[in-house]
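Open the model in your viewer, with a way to select residues by number. The tour goes from the whole chain to its parts.

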Amino acid sequence: MTDESIICRHAYVRALHGAPEITRVISLAGVRIALRFATMEAERTFFPALAPFETEGAEADEQICIWFGDGAALDARLIPDKLPENPHHYHRVTVEREGFISRYGPVTGVYWLHDIVEHTAYAYYPSRMSLMGHEMSSPLLPCLYFVLKRMGILALHAGAVGTEENASLLVGRGGSGKSSVCLAAMHAGMAFYGDDYVLLTPGNLVYPLYASVKLNQDMARLMSLEECRWFDTDDGRIKHVYLLEKARLCLAPRKVSAVLLCRVEHLPAPQAERCSALRILPELTFSAMQQAFDPDPAVFARLAALLGGTTAHVLSLSDDPGQAAELLKNLLSEAEL
């Protein structure tokens with residue numbers, strides 16, 4: 001156990017205040033992860049978007065210990081020596097050594113650590129009030145990313161839907177229409193894996209990662225989603241965050257056979273144009289690496305291999321996401337032939 005791990009462990013134990021921790025075991029793409037919460041507030045904040053993946057039994061492959069500082073500052077020994085002069089809100093400072101990686105947000109005060117040898121990660125947040133919407137709709141993403149990456153599984157910033165036989169990844173930056181198309185496809189009867197983050201195995205099978213979806217109120221009414229849990233902002237746009245019931249998520253994996261780059265064009269009807277993998281690769285890798293702050297060349301190679309074995313399209317969208325859902329069905333049906 002590293003010195004940093006020992007410091008984190010002691011801070012987590014202090015946050016328990018003598019009370020028993022709350023443990024929830026989830027299964028993501030076959031990896032069992034024990035989420036250990038120091039308080040009920042932490043559990044209620046971070047667990048809802050992961051609740052459909054809860055599984056029985058106490059044994060786990062990895063564990064993540066989560067706590068709020070609530071007035072207890074992060075131990076100064078965990079703060080990196082070199083910090084940027086003018087950090088932005090999403091800035092993360094990484095410290096990486098053999099068997100150990102940590103991330104610190106100079107503006108937010110959030111700290112994550114993954115001790116690879118001990119199969120344990122730690123997630124410290126100053127307080128619930130300091131959280132941004134995406135930290136509740138996509139909870140514990142940095143910890144989950146590195147825990148799962150160690151198992152060969154990538155957490156991708158992408159949406160995914162499928163048919164009985166295969167699946168399609170929808171990629172693009174914020175505002176590209178991924179969420180609207182994925183939710184419309186689910187409404188049309190397609191298998192739904194996620195609108196913002198999904199998991200990809202070494203065999204290019206796709207699994208869901210979160211039960212949360214971000215969409216506008218019109219689409220929420222179409223999906224009969226009533227309870228808005230949080231608000232999230234993306235490049236100045238306010239999105240409503242809803243939680244899906246387990247029955248709406250597809251937990252059975254599908255192999256990815258197509259990757260589509262979404263863009264809003266306000267066309268009379270959506271169009272899907274075949275393109276080379278080189279057209280999509282920069283966008284997919286930028287999106288994946290930016291969201292995870294992981295410039296690992298191996299991730300680039302994995303995504304290049306994925307695109308090399310699938311069909312690639314640019315999906316130009318109309319104002320009706322339902323039309324795009326039908327187009328997706330047809331594309332995946334063609335891939336099955």
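**Before you start**

This is a predicted model, in which local features need pLDDT of at least 70 and side-chain atom pairs count only at pLDDT 80 or more, while totals for chains, interfaces and linings use all residues. Residues are numbered from 1 along each chain as its sequence is written, and side-chain values use heavy atoms, with hydrogens and water left out.

**Stop 1: the whole chain**

Colour the chain by secondary structure: there are nine helices and 19 strands. Helices (H or I, at least four residues) and strands (E, at least two) are DSSP runs, numbered from the N terminus. Of the 337 residues, 54% count as buried; buried means under 20% relative accessible area, exposed over 50%, and partly exposed in between (1.4 Å probe, protein chains only). Among contacts (heavy atoms within 4.5 Å) between residues at least 6 apart in sequence, 69% join residues at least 24 apart.

**Stop 2: the nonpolar cores**

A nonpolar core is a set of buried Ala, Val, Leu, Ile, Met, Phe, Trp, Tyr and Cys residues joined through side-chain atoms within 4.5 Å. Select Ile33, Leu35, Tyr125, Leu144 and Leu169, which have the most contacts inside the largest core, a set of 90 residues. Helix α4 (residues 141–149) gives the most to this core, with seven residues.

Now centre on Leu35. Which residues does leucine 35 touch, not counting residues up to four places away in sequence? They are Ile22, Thr23, Arg24, Ile26, Phe47, Leu50, Ile64, Ile66 and Leu140. A second, separate core has 17 residues, including Cys8, Cys65, Leu74 and Tyr122.

**Stop 3**

Histidine 157 has tyrosine 197 in β12 as its bridge partner.

The strands β12 and β13 form a hairpin with four residues between them, and asparagine 204 in the turn has a positive phi of about 65°.

**Stop 4**

Go to residues 178–187, helix α5. Eight of its ten residues are buried, so the helix is largely enclosed by the rest of the structure. The buried ones are Lys178, Ser179, Val181, Cys182, Leu183, Ala184, Ala185 and Met186. Just after α5, glycine 189 takes a positive phi of about 100°.

Next select alanine 325, in helix α9 (residues 321–336). Is alanine 325 buried or exposed? Alanine 325 is buried, with a relative accessible area of 0%. Not counting residues up to four places away in sequence, alanine 325 touches Ala184, Ala185, Ala188 and Met190. Alanine 325 and alanine 188 are 137 residues apart in sequence, yet 6.9 Å apart in space, C-alpha to C-alpha.

**Stop 5: cavities and a pocket**

On a 1 Å grid over the protein atoms alone, a cavity is a set of points where a 1.4 Å probe fits but cannot get out, and a pocket is an open set with protein on both sides within 12 Å along at least five of seven lines; lining residues have an atom within 4 Å of a point. Grid points are joined across faces, edges and corners, and a volume is the space filled by probe spheres set on the points.

The whole structure has four cavities of 30 Å³ or more. The largest cavity holds about 80 Å³; to see its lining, select Ser137, Ser138, Gly194, Asp195, Asp196, Tyr197, Tyr210, Ser212, Val213 and Lys214. Strand β14 (residues 212–215) gives the largest share of that lining, three residues.

The second largest cavity has a volume of about 70 Å³. Its lining consists of Ile101, Ser102, Arg103, Trp112, Leu113, His114, Pro142, Cys143 and Phe146.

End at the second largest pocket, with about 250 Å³ of space. Of its 16 lining residues, Ala11, Ala15, Trp67, Gly69 and Ala72 lie nearest the centre. The elements that give two or more residues to this lining are α1 (3–16) and β3 (62–68), and α1 provides the largest share, four residues.

Terms used. Pairing = 2+ DSSP bridges.
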